[in-house]
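Here is a short briefing on the fold below. Please read it alongside the sequence and the coordinates.

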Amino acid sequence: MLSERGSFMKGMVLGGVFCLVLSLLGSFSPITESKTEDHHHHHVKAASKDELQQLSESRLQELNNQLQISCVIMVQPKNLVYWAAALDTWTKHCDKAEFYTSESSKALEAIDLNEKDDWARLHKALKHAYENAGNIRWFFVAQPSTFAIIENLKYLVLTKNPEQPFYLGKTVKSGELEYVEFNGGIVLSYEALKRLVNVFQDEDKCPERQSALWKLSEDKQLAVCLKFTGVFAENGEDVHGKGLFNSRSVDNLISESMDQNPNNVVKGCCSDMAITFSSMSPNQMQVMMFGVYRLRPYGHDFQDILTFYPPKGSDND
């Protein structure tokens, strides 16, 4: 009887411990709350035409001359056709474009990070971009299947101060974490990137390699690291509040608009100052280049206040 009673008590204790462990695991979250001050998410809009007209011509030209974009494109040899398409199209409009690869390729030139893990590779690429920034103060991070209109990105950030921590794109929410979707492109100001590189040194807050038991996608992990530095995701929008960063392709967005806005398909689809479209095939990228930079309706003059020219030596107009 005593033996049976002892076994029963042992079972009760073990059962209680097991329930406690399950309870702790259930409440565990890999996204630790930051100790930074509360931040209310807001939307970052491009300056309106009226706002730009209030600036002197000399000030506008000064902003234009200072504004440069460094493009960080994450590639892999298995996506060689997308890599080649990005190299041949929109990246020529970046003031600086660097391709970072998981392994070297004889076909195309890139910075070989010799790293298979997605987050560790992005971690290294952003650190390299920061250390080699020179006078550039804005950074655009993209996948090779993303098409970007760099002039529209410049218009969005023209009057924004890169010495402030901006982390922009198409924001989404996962649980309590707001982050910028990678496939729509990620924009970081110099201050945001500086804070990120500093927190890279703290393995407890921002490890280069994630736990094998719990892995976040690289865009979520980026948001977690930035959150520790007081930098939060913000949605890039035009003056009408329409999103500028698209995580889907043009044809996908237009098809959806045809169903939902049959009487106004184009306006219902996208902002006319859109910055990115994602999941684009190499053929679609070439079509976009023709439509954005070559095709002109005779007699139409948009009378923009500023002109953003591609960098010297670019063979795109």
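## Sheet, helices and selected residues

Three bridges link strand 7 and strand 10, and the two run antiparallel. Strands pair if DSSP finds at least two bridges between them. This is a predicted model, in which local features need pLDDT of at least 70, side-chain atom pairs count only at pLDDT 80 or more, and totals for chains, interfaces and linings use all residues. Residues are numbered from 1 along each chain as its sequence is written, and side-chain values use heavy atoms, with hydrogens and water left out.

**Overall**

- The protein has 11 helices and 12 strands. Helices (H or I, at least four residues) and strands (E, at least two) are DSSP runs, numbered from the N terminus.
- Of the 317 residues in the protein, 43% are buried. Buried means under 20% relative accessible area, exposed means over 50%, and partly exposed lies in between (1.4 Å probe, protein chains only).
- Among contacts with a separation of 6 or more, 78% link residues 24 or more positions apart. A contact means heavy atoms within 4.5 Å.

- Eight strands make an open sheet with mixed pairing, in the order 1-11-7-10-5-2-3-4.
- Strand 1 (43–45) and strand 4 (111–112) are the edge strands, each pairing on one side only.
- Strand 1 runs parallel to strand 11 (residues 234–237), with three bridges between them. H43 has N235 in strand 11 as its bridge partner.
- G169 has I186 in strand 10 as its bridge partner.
- Strand 5 and strand 10 are antiparallel, paired over four bridges. W138 stands opposite S189 in strand 10.
- Strand 2 and strand 5 run parallel and share five bridges. C71 is bridged to F140 in strand 5.
- Strand 2 and strand 3 also run parallel, with six bridges. V72 is bridged to E98 in strand 3.

**Strand faces**

- In a regular strand the side chains alternate between the two faces of the sheet.
- In strand 2, seven of seven residues are buried. I69, C71, I73 and V75 are on one side, and S70, V72 and M74 are on the other.
- In strand 10, I186 and L188 point one way, V187 and S189 point the other way, and all are buried.

**Helix 6**

- Helix 6 (residues 150–157) packs on the sheet. It touches strand 1, strand 2 (69–75), strand 5 (138–142), strand 7 (167–169), strand 10 (186–189) and strand 11.
- The direction of helix 6 makes about 130° with that of strand 2. Axes are lines fitted to C-alpha atoms, for helices over the stretch in contact, and angles run from 0 to 180 degrees between N-to-C directions.
- Eight of the eight residues of helix 6 are buried, so the helix is largely enclosed by the rest of the structure.

**Helix 5**

- The 14 residues of helix 5 (residues 118–131) should span 20 Å at 1.5 Å a residue, and the end C-alpha atoms are 20 Å apart, which agrees. The expected span is 1.5 Å times one less than the number of residues.
- Buried residues of helix 5 include W119, R121, H123 and Y130.
- Their cover includes strand 2, strand 3 (96–101), strand 5, strand 10, helix 7 and helix 8 (218–227).
- At the start of helix 5, a side-chain oxygen of D117 comes within 3.2 Å of the backbone nitrogen of W119.

**Helix 7 and helix 8**

- Helix 7 (residues 190–199) lies across strand 5 and strand 10, at about 90° to strand 10.
- Helix 7 and helix 8 pack at about 90°, with axes 9 Å apart. They are therefore roughly perpendicular to each other, a label that covers 65 to 115 degrees.
- A192, L196 and V199 in helix 7 meet L222, C225 and L226 in helix 8.

**Two residues**

- S102 lies in the loop between strand 3 and strand 4. S102 counts as buried, at 2% relative accessibility.
- Leaving aside neighbours within four places in sequence, S102 contacts V75, Q76, P77, D112, N114, E115 and R121.
- Q284 is in helix 11 (residues 282–294). Q284 is partly exposed, with a relative accessible area of 24%.
- Q284 touches S249, D251 and S279, not counting residues up to four places away in sequence.
- Q284 and S145 are 139 residues apart in sequence, yet 9.9 Å apart in space, C-alpha to C-alpha.

Definitions and conventions. Polar contact = N/O pair within 3.5 Å; in protein donor to acceptor, adjacent residues only side chain to side chain. Parallel < 35°, antiparallel > 145°, perpendicular 65-115°, else oblique.
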